[in-house]
Every structure is written in C-alpha cells, then in structure tokens.
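Subject: Structure for you to look over

Dear colleague,

I am passing on the structure we spoke about, and I would be grateful if you could look through it with the notes below beside you. They begin with the charged pairs and then turn to the strands and the surface.

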Amino acid sequence: MKKIAIFFVIIIAIVTFVSYTYLNYKMNYNNVKRENMQYNSYYEQEIYGTDLSTLINRIADSNIKNNVEKDEKGQYIDNGKDSIKMYIKFTDDNDTHSLEEIYQSGVDNFMIYYNQIKFKCTDIQYHQLTNKVSYMFFEQITD
C-alpha cells in the first residue's frame, strides 16, 4: 500500500513539474512575442520623426529598466538577452548616430528638427539567447 502511495506522489510531482515548466516557457514566449511585436511593427515602415522620438524614448527606458550597462563612451553594452541598440542614418550629414547620442543631446531637439521627416527601419536583429530585439537601424528617407 505504501509503495502505491509513493508511486502516485512521484507521478503527481513529475506531472506538476512538467506542467509548471511548460506554462513558464509559454508565458515567456508570449512576453517575448508581445515585446517584439511593438518593435517589428516599425520594420520596413515609413514613420515620422515624432514616432521615431517616441521609439527612442521607449528603447532608452527599456535599457534603463533592464539595467543595461554603458561603456566609457556612454553607449549601451549588448548584454545578450534584453539590451536594444538603435542607429539612425541621416542624409543631412551622411552620418550614422546612435540612440545614446540623440538621447543625450535631447529627444526634444531631435523632434524640433526632424518631426516632419520620414524614416524607415531597414534592419532588425535579435538576441540568440532570448529572441528579443537587440538592434534596429533606421534611415532618413526624406529631407
């Protein structure tokens, strides 16, 4: 009788562990999918500078919330799981600027000069470990 009770307790423990693991995996998968959907909506889409400034703030807030460290130049360091880097190529000076440069000089200034300018996301990359967005590249498409 004891052996049967022990057997059932072990079976219940195994089923509980497998269920918990699966539900945890599914919850993480849905969270990553929801987060990526926010960023993937910009891919190959033309957006105005006002929308891009909102995205700059969102990414900066995400990096701050996730405690992403910065290097000596003030650039976010890729942590391999939830950091996001963003670069914008401007046709004005044919130069590429990082999110950090724009954020430090003031997103308000960016919005003043580029609010009616269109940009397009031409590249998105993902972390291998978590499949979260790790990199976005925008190009200015109007002057």
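A search of the whole structure, which is a predicted model, finds 4 salt bridges. I describe three of them here, starting with the pair Glu35 and Lys132, whose side chains meet at 3.8 Å, N to O. This pair links distant parts of the chain, since Glu35 belongs to helix H1 and Lys132 to the loop between E4 and E5, 97 residues apart. Glu35 is partly exposed, with a relative accessible area of 34%.

A further salt bridge is formed by Lys120 with Glu44, and here the closest N and O atoms are 3.5 Å apart. Because Lys120 lies in strand E4 while Glu44 sits in the loop between H1 and E1, the pair ties together parts that are 76 residues apart in sequence. Lys120 is partly exposed at a relative accessible area of 25%, and Glu44 likewise counts as partly exposed, at 38% relative accessibility.

The side chains of Lys118 and Glu46 also meet in a salt bridge, at 3.6 Å from N to O. With Lys118 in strand E4 and Glu46 in strand E1, this pair ties together parts that are 72 residues apart in sequence. Lys118 is partly exposed, its relative accessible area being 25%, and Glu46 is partly exposed with a value of 48%.

E4 and E5 form a hairpin with 6 residues between them, and in the turn you will find Asn131 with a positive phi of about 65°.

Two patches on the surface may also interest you. Asp92, Asp93, Asp95, Glu101 and Asp143 gather in a patch of negative charge. Of these residues, Asp143 is found in the segment after E5, and its relative accessible area of 75% places it above the 50% cut-off, so Asp143 is classed as exposed.

The other patch is nonpolar and is formed by Ile4, Phe7, Phe8, Ile11, Ile12 and Val15, which together have about 590 Å² of accessible area. Val15 is found in helix H1, which spans residues 2-40. With a relative accessible area of 48%, Val15 is partly exposed.

Lastly, I would point you to Tyr103, which lies in helix H3, residues 99-105, and is partly exposed with a relative accessible area of 32%. Tyr103 and Ser53 are 50 residues apart in sequence, and their C-alpha atoms are 9.0 Å apart in space.

Terms used
Residues numbered from 1 in each chain as written. Predicted model: local features only at pLDDT ≥ 70, side-chain atom pairs only at ≥ 80, totals over all residues. Heavy atoms only, no water. Pairing = 2+ DSSP bridges. Helix = DSSP H or I, 4+ residues; strand = E, 2+ residues; numbered from the N terminus. Patch = residues over 30% accessible without salt bridge, like charges linked within 9 Å, V, L, I, M, F, W, Y side chains within 5 Å. Areas by Shrake-Rupley, 256 points an atom, 1.4 Å probe, with all protein chains shown as cover. Lys, Arg positive; Asp, Glu negative; His and termini not counted. Charge placed at Lys NZ, Arg CZ, Asp CG, Glu CD. Buried < 20%, exposed > 50% of the residue type's maximum accessible area, 1.4 Å probe, protein only.
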